[in-house]
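Subject: Structure handover

Hello,

I am passing on the structure we discussed.

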Amino acid sequence: MIKFKLFLKYFAFIMLVALLAIQFFHPTKNESGDLTNDISTVYTMPVDVQEILKTSCNDCHSNKTIYPWYTNIQPVDWFMADHVNEGKEELNFNEFASYRIYRQFKKMDEIMKEVKENEMPLTSYTLIHGNAKLNETQKQTILNWAQGISDEMKSKYPADSLVNPKKRVKKDDD
Ligand code: HEC
């Protein structure tokens, strides 16, 4: 019994030291804010859409994350960096203009799907950022906007430029 208590003490001590030690390691923050290839350089971005993206999506889908104080505490920072990297890889509104046409088209489709099915913003995010949760009006605003861009693309580009030329089943760059 005594041995077990001693073990627990050592264990707690080692955990504490580990927790302190990881505080010195932080991933690079997503704060470049580079807008060279922003979506607004190629498509109309109404102010209400911009506002919604800013409060509900851009922390994970842009070149600029707003970091609340507690993200300075590890391992929260790693958890957050993971979401940001994964989110940006899938969709980055600040890099949108650099995507090939078929990818832009597909992203609009995915945005509508994710918003309709309440998949985005991620629940782990809205639990903390209550105001990021989309209400019905905001959802409709995003859906109308994405549909508008989709329609605009259909009339502007030849139909075959809207499909991935390689037609692979699951694409790395989708
Ligand atoms: C907390 C971070 C976070 C926020 C906020 C967030 N996303 Fe995401 N998003 C992710 C991550 C991580 C992925 C990739 C993994 C996945 O699909 O779940 C992703 C994937 C996506 C995808 C691609 C899905 C697919 O089919 O591959 C779309 C589209 C998307 N998000 C749209 C949005 C929109 C629109 C908003 C705002 C209304 C938003 N996201 C808010 C983290 C976030």
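Buried means under 20% relative accessible area, exposed means over 50%, and partly exposed is in between (1.4 Å probe, protein chains only). The model is predicted, so local features need pLDDT of at least 70 and side-chain atom pairs count only at pLDDT 80 or more, while totals for chains, interfaces and linings use all residues. Residues are numbered from 1 along each chain as its sequence is written, and side-chain values use heavy atoms, with hydrogens and water left out.

A search of the whole structure gives six salt bridges (a side-chain nitrogen of Lys or Arg within 4 Å of a carboxyl oxygen of Asp or Glu).

Glu 110 bridges to Lys 107, with the closest N and O atoms 2.9 Å apart. These two residues are three apart in helix H5, about one turn (helices are DSSP runs of H or I, at least four residues, numbered from the N terminus). Lys 107 has 1% relative accessibility, so it counts as buried.

Glu 110 also bridges to Lys 106, at 3.6 Å between the closest N and O atoms. Both lie in helix H5 (residues 101-116), four residues apart. Lys 106 is partly exposed, at 31%.

In helix H7 (residues 136-156), Glu 136 and Lys 139 are three residues apart, about one helical turn. Their salt bridge has its closest N and O atoms 3.5 Å apart. Glu 136 is exposed at 58%, whereas Lys 139 is buried at 10%.

Finally, shared partners join Glu 90, Lys 106, Lys 107 and Glu 110 into one salt-bridge network.

Regards
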